[in-house]
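Subject: Structure handover

Hello,

Here is the structure I promised to pass on. Please open it first, then read my notes below.

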Amino acid sequence: MKKYYVTGMTCAACSARVEKAVTKVAGVTACSVSLLTNSMGVEGSASAQDIIKSVKDAGYGCSETSQSGSGQAALSASAAEDALIDRDTPLLKKRLIFSIIFTTVLMYFSMGHKMWGWPIPSFLQGNHVAVAMVEMLLTIIVMVINQKFFTSGFKSLIKRAPNMDTLIALGATAAFIYSLVILYLMTWSLKAGDVEQVMIYHHDFYFEAAAMILTLITLGKMLEARSKGKTTDALKSLMKLAPKTAVILRDGEETEVPIEQVQKGDIFVVRPGENIPVDGVVLEGHSAVNESALTGESIPVDKAAGDIISAATLNQSGFIKCQATRVGEDTTLSQIIQMVSDAAATKAPIAKIADKVSGVFVFVAISIAVVTAAIWLIIDGDVGFSLARAISVLVISCPCALGLATPVAIMVGNGKGAKKGVLFKTAVSLEETGKVEIVALDKTGTITVGEPKVTDILPVSGFDEKALLSMAYALEMKSEHPLARAILEKAKERQLSAEEVTDFNALPGNGLTAVLNGAKLSGGNYKFISTQSAVPDDVKASSEKLAEQGKTPLFFAKDKELIGIIAVADIIKEDSPQAVRDMRNMGIHVVMLTGDNERTARAIGAQAGVDEVIAGVLPDGKESVIRNLKKKGKVAMVGDGINDAPALTRADIGIAIGAGTDVAIDAADVVLMKSRLSDVPAAIRLSRATLRTIHQNLFWAFFYNTIGIPLAAGAFVALGVTLNPMIAAAAMSLSSFCVVSNALRLNLFDMTNATKDKKRIAKTKQTQANAEKTITIDGMMCSHCENTVKNALEAIPGVEEAVASHTSGTAVITLKGEVADDSLKKAITGAGYAVISIR
């Protein structure tokens, strides 16, 4: 995506026009314009020159700011920070101060003197023409101060692309010209000696209306700009985290250099209290590092040699020497900034409604104003009253609130998420995450820690835990199996020392043997250990109970005498059960995917509290499972590994947890920096809160115009209710301010608070037409067997798809119609296999 900075846009009609102009350029496949950040993202093969020309031809300024995407440079933190500097508020504030000064003097003459008899200089006393001339001069000054409305408005009108400034300029100009005509007629009447007519004209001026409209709109614009600036505070705070310098080692000497000069491979040092300048790996030393800037987690993380560190995190306690692995735009911080700013440049689907309306709104407003003036001239014949109604319609009809309704909420929601380590890649992902009906969780690394841990140590009579763990430690020391590492970690945790074994022998798939001080040690699964030692019935029962809990029991024997069992399991993360409960309380169907056998999978699923367990899913089969789940509703897939990438892409919303692998991040729509499952319901909560705010903003914007335009047009005159042009200007200014302020309330939203979660009625289709059955099969030994069973089942009418696994001994079938269990059994037995059960 190429990104551009667009100037001159003042309302939703402008952004819609720019988008329309760029979309017409040959080679442009997608274009998204953000009124909030004055940015534009363009995809396709069109050249930058052609795109910039199309924007300028539409009447706006344009320049290329950065490029991002595969093979292209991302926006640097300094450039992005410069792009977000609030340049509008200071200028508008200056304009507003001068406008207020001159408008106050004007109001003194036009209302204070005329209505309440406030004193004026003696040379103006009784000279109504002179007073009117003073009002005209003061109005001209205010118009010159706010000339931008006129230059932009009439320029857009000439190009047949009217915008908000056009409506303001037309309203103020109409009031001013009408007042000039009245001044001319007053002067003419004075020369003719018609004093009575002069007095009538004396009260018909609209100079104060023209000036007050401009002043109030400028006030609204300043409040809006100030509030809009606050919506990017989260992004600005991220950018400020980037260190400006780094201390690197050159020829053994410490040298402080600008961060831009740090190269990949450079050795740098970080002292306590300093921010880490770039991503790297610790070479020497150890410390506690506060990573809250990136993950939102306030508890420091211990770092030692070999550990990964990230830019902008705070070194709290120790001196560390590190090697740079990612610098510049490749650091984690830069990628987060890029992700958040890219999301701001995209558009949520719900914004398209406002864009369509904004695209024609100005034309409609001008038409309504003309028709209003004509109708009142016919009905009443009073030119002044008719003009006032038309001006009120023009001023109150500005579509600013409509254009800001969605982008301000998206920006604030995105920034709120970024502060908590929840990154939404696009506005679409922020809107759609809250709509998910099914969440599929990969077991390993998502629900569980992802590393096996010792859960139970069960010595037999005559041995204690220390003796059992010490012998297991000595035996497993030379093993490279992941389960062996769990035992080694447990032994080190208890500060045990391992004795050297001899004649070590690993039997793949079975177990280990070795000799320790002349005694033969054996360790492995039940099948292997039963050939080495007798296993009492009570010990066997204990092992089966452990297996039912999803644990792997490892048996150990010494000189053919069983000494005990050590159970190892990939334990569930502490927050996983609560996270699953939170999602279920939201009305979401939670599914766990795992390659484990049915018994282990169901045990872990029960501990986590999921609604459904799909076992025996091979890495390449996850995508197929997600495809089937999508038939039942909108699906989010949560995973952390390379083998999750196809499933993350296939899902409606892909969520990479624990920052995942680079491949998983690329495939995901939402990136969770922390490895906590509780961030998934938090992301859903934030999405729902953001969407709720967008709905509120759109309702306010549409309601405001629905009520405001008829009121301004004089539809309620019979009830004695009319809308002065000055009041219309104030209402218009407040509408935009209210929309932005409402969006800023998201900063107060607690995305971790589950007490206000509302259960949504799931629209999942639990019908026979897409029901699933799981068949437990005996006899499958290899992938050839899987294909045989798959082909046999898919040949049955009514079976849409079959996924067979010889490792779990199951076949999961998706039905597109009614299929009797007898038909399934017949097909499988006919293929040479036995059916144990059908669920």
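The protein chain has 31 helices and 30 strands. Keep in mind that this is a predicted model. Of the 839 residues in the chain, 54% are buried. Take the contacts in the chain with a separation of 6 or more: 69% of them join residues 24 or more positions apart.

**Cores**

The largest nonpolar core holds 143 residues. Val 18, Val 22, Met 40, Ile 217, Val 439 and Leu 441 have the most contacts inside it. The top contributor to this core is helix 28 (residues 679-713), which supplies 15 residues. Another core lies apart from it and has 24 residues, including Met 471, Leu 475, Leu 521 and Leu 554.

Leaving out residues up to four places away in sequence, Val 439 touches Met 583, Ile 588, His 589, Val 590, Val 591, Ala 636, Val 638 and Ile 684.

**A helix pair**

Next, look at helix 7 (residues 164-191) and helix 14 (residues 383-396). They pack at an angle of about 165°, and their axes are 8 Å apart. The angle is over 145°, so helix 7 runs roughly antiparallel to helix 14. The crossing of helix 7 past helix 14 is left-handed.

Which residues meet there? From helix 7 come Leu 167, Leu 170, Gly 171, Ala 174, Ala 175 and Tyr 178. From helix 14 come Val 383, Gly 384, Leu 387, Ile 391 and Leu 394. By type, the residues of this contact are nine nonpolar, two polar and no charged.

**Two single residues**

Ser 156 sits in helix 6 (residues 147-158). Its relative accessible area is 8%, so Ser 156 counts as buried. Beyond residues up to four places away in sequence, Ser 156 touches Ala 161, Pro 162, Asn 163 and Thr 166.

Val 257 belongs to strand 6 (residues 253-258). Is Val 257 buried or exposed? Val 257 is buried, because its relative accessible area is 4% and the limit is under 20%. Val 257 and Thr 245 are twelve residues apart in sequence. In space, their C-alpha atoms are 5.5 Å apart. Thr 245 is also one of the residues that Val 257 touches, along with Lys 244, Ala 246, Ile 248, Arg 250 and Val 262. That list again leaves out residues up to four places away in sequence.

Best wishes

Conventions:
Residues numbered from 1 in each chain as written. Predicted model: local features only at pLDDT ≥ 70, side-chain atom pairs only at ≥ 80, totals over all residues. Heavy atoms only, no water. Axes fitted to C-alpha atoms, helices over the stretch in contact; angles between N-to-C directions. Helix = DSSP H or I, 4+ residues; strand = E, 2+ residues; numbered from the N terminus. Parallel < 35°, antiparallel > 145°, perpendicular 65-115°, else oblique. Left-handed = near helix turned anticlockwise from the far one by under 90°. Contact = heavy atoms within 4.5 Å. Nonpolar A, V, L, I, M, F, W, Y, C, P; charged D, E, K, R; others polar. Core = buried A, V, L, I, M, F, W, Y, C linked by side-chain atoms within 4.5 Å. Buried < 20%, exposed > 50% of the residue type's maximum accessible area, 1.4 Å probe, protein only.
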